[in-house]
Amino acid sequence: MDESKQGGASSEGALQNISALIAGCTRSEDGWLRAEPSSAWMQGRSLYGGVQAALAVEAMRPFAEGLPIRTLQATLCAPVPAGPVAIHARILRVGGSTRQIEARIIEGEQVLALFVGIFGKARESVVAHDFVAPAFDEAKGTDMPFIKGMMPDFLQQFRARLLRGHFPGAGKPDTEHLYRISLRDNAEHTGLAQLLTMSDFPPPVGLSWLSTFTPASTMTWMLNFTGHAFDNQSLEDWLIDVKLDAAHDGYTQQTVTLFAPDGYAVARGTQCMVVFG
């Protein structure tokens, strides 16, 4: 079996993929979800943001009553350290068409991350519009290697190719990056947990402006889902388009759009990030 398709971390050297992490969660009736992500999901001092989002939405799921997610809002308050993670979910409001649900990643008395998901039933409407992935030149792309000890551990969960722009530390004032990525997982198709895991993959575009590698951190994140079906899509060959919208005083704002392998946008997000350089 291809190593990228192995589930869990049961055999030596195998990665704990997102399917195995979600499957290993334990849940209680009072809204708590507990998970044990491995070190392969760390991003420096903190658990990778895409996995934080996947766990938060998994905690919300029983309260959503099967409604599809429309929007996810996140405030990342503090690093989520390595080791067991506890998430508490609760309903904020139930309307005629939507449910607003909160999930908090908590350590002791401290809130490490706060998520609000809005789940809503489909409505009949004459307004329907999709947008498609940008064109790119495959020949100009560069494979993104994983160098253990020099790059965040979570990157080993992906295969990636940078199709437009430059890597962090290149000293190039880019305003747009385009990546093609594949997630290493044993799921047959892309589920919500896999989509969320991919959604936070790209680093800040602003890091390419710097001539050396410099840390950065996400403060807030909002992800809107277009409604285009993704649960029949492969985990291979997703495109992520990242545009730098503004940058001042060490803070950057960027827009991130995920395009499924069929070429249509599935989610678009905005992030406010801190660049330490």
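User: Is Gln 100 buried, partly exposed or exposed?
Analyst: Buried means under 20% relative accessible area, exposed means over 50%, and partly exposed lies in between (1.4 Å probe, protein chains only). Gln 100 has a relative accessible area of 27%, so this residue counts as partly exposed.

User: What kind of model is this, and which numbering does it use?
Analyst: This is a predicted model, where local features need pLDDT of at least 70, side-chain atom pairs count only at pLDDT 80 or more, and totals for chains, interfaces and linings use all residues. Side-chain values use heavy atoms, with hydrogens and water left out, and residues are numbered along each chain as its sequence is written, from 1.

User: Which element holds Gln 100, and which residues does Gln 100 contact beyond four places in sequence?
Analyst: Helices (H or I, at least four residues) and strands (E, at least two) are DSSP runs, numbered from the N terminus. Gln 100 sits in strand β7, residues 98-107. A contact means heavy atoms within 4.5 Å. With neighbours within four places left aside, the partners of Gln 100 are Ile 91, Leu 92, Arg 93, Gly 117 and Ile 118.

User: How many Å separate the C-alpha atoms of Gln 100 and Ser 182?
Analyst: Along the chain, the two residues are 82 residues apart.

**The whole protein**

User: How many helices and strands are there, and what is the radius of gyration?
Analyst: The protein has three helices and 15 strands. The radius of gyration is taken over C-alpha atoms, and the globule rule is 2.2 Å times the number of residues to the power 0.38. For 277 residues that rule puts a compact globule near 19 Å, which agrees with the protein's 18 Å.

User: What share of the residues is buried, and what share of the contacts links residues 24 or more positions apart?
Analyst: Of the 277 residues, 46% are buried. For contacts, take those with a separation of 6 or more. Residues 24 or more positions apart account for 66%.

User: Is Leu 55 buried or exposed, and which residues does Leu 55 contact beyond four places in sequence?
Analyst: Leu 55 lies in helix α2. Its relative accessibility is 0%, so Leu 55 counts as buried. Beyond four places in sequence, its contacts are Leu 21, Ile 22, Cys 25, Leu 33, Ala 35, Leu 47 and Ile 87.

User: Why is α3 described as largely enclosed, and which of its residues are buried?
Analyst: Seven of the eight residues of α3 are buried, so the rest of the structure largely encloses this helix. The buried ones are Ala 193, Gln 194, Leu 195, Leu 196, Thr 197, Met 198 and Ser 199.

User: How much space lies in the largest pocket, and which residues are closest to its centre?
Analyst: On a 1 Å grid over the protein atoms alone, a pocket is an open set of points where a 1.4 Å probe fits, with protein on both sides within 12 Å along at least five of seven lines; lining residues have an atom within 4 Å of a point. The largest pocket holds about 1000 Å³. Of its 41 lining residues, the closest to the centre are Gln 43, Pro 152, Pro 215, Ala 216 and Ser 217.

User: Which element gives the most to the lining of the largest pocket?
Analyst: Elements that give two or more residues include α2 (49-64), β8 (110-120) and β12 (216-225). The top contributor, with four residues, is β12.

User: Which element gives the largest share of the lining of the second largest pocket?
Analyst: About 470 Å³ of space lies in the second largest pocket. Leu 67, Pro 68, Ile 69, Leu 192 and Phe 230 are the closest to its centre, out of 23 lining residues. Five lining residues, the largest share, come from α2.

**Two loop residues**

User: What is the phi of Glu 65?
Analyst: Glu 65 is in the loop between α2 and β5. At 60% relative accessibility, Glu 65 counts as exposed. Most residues other than glycine have a negative phi. Glu 65 has a positive value, near 50°.

User: What is the phi of Asp 237?
Analyst: Asp 237 is in the loop between β12 and β13. With 42% relative accessibility, Asp 237 is partly exposed. Although not a glycine, Asp 237 has a positive phi of about 65°.

Methods
Grid points are joined across faces, edges and corners, and a volume is the space filled by probe spheres set on the points.
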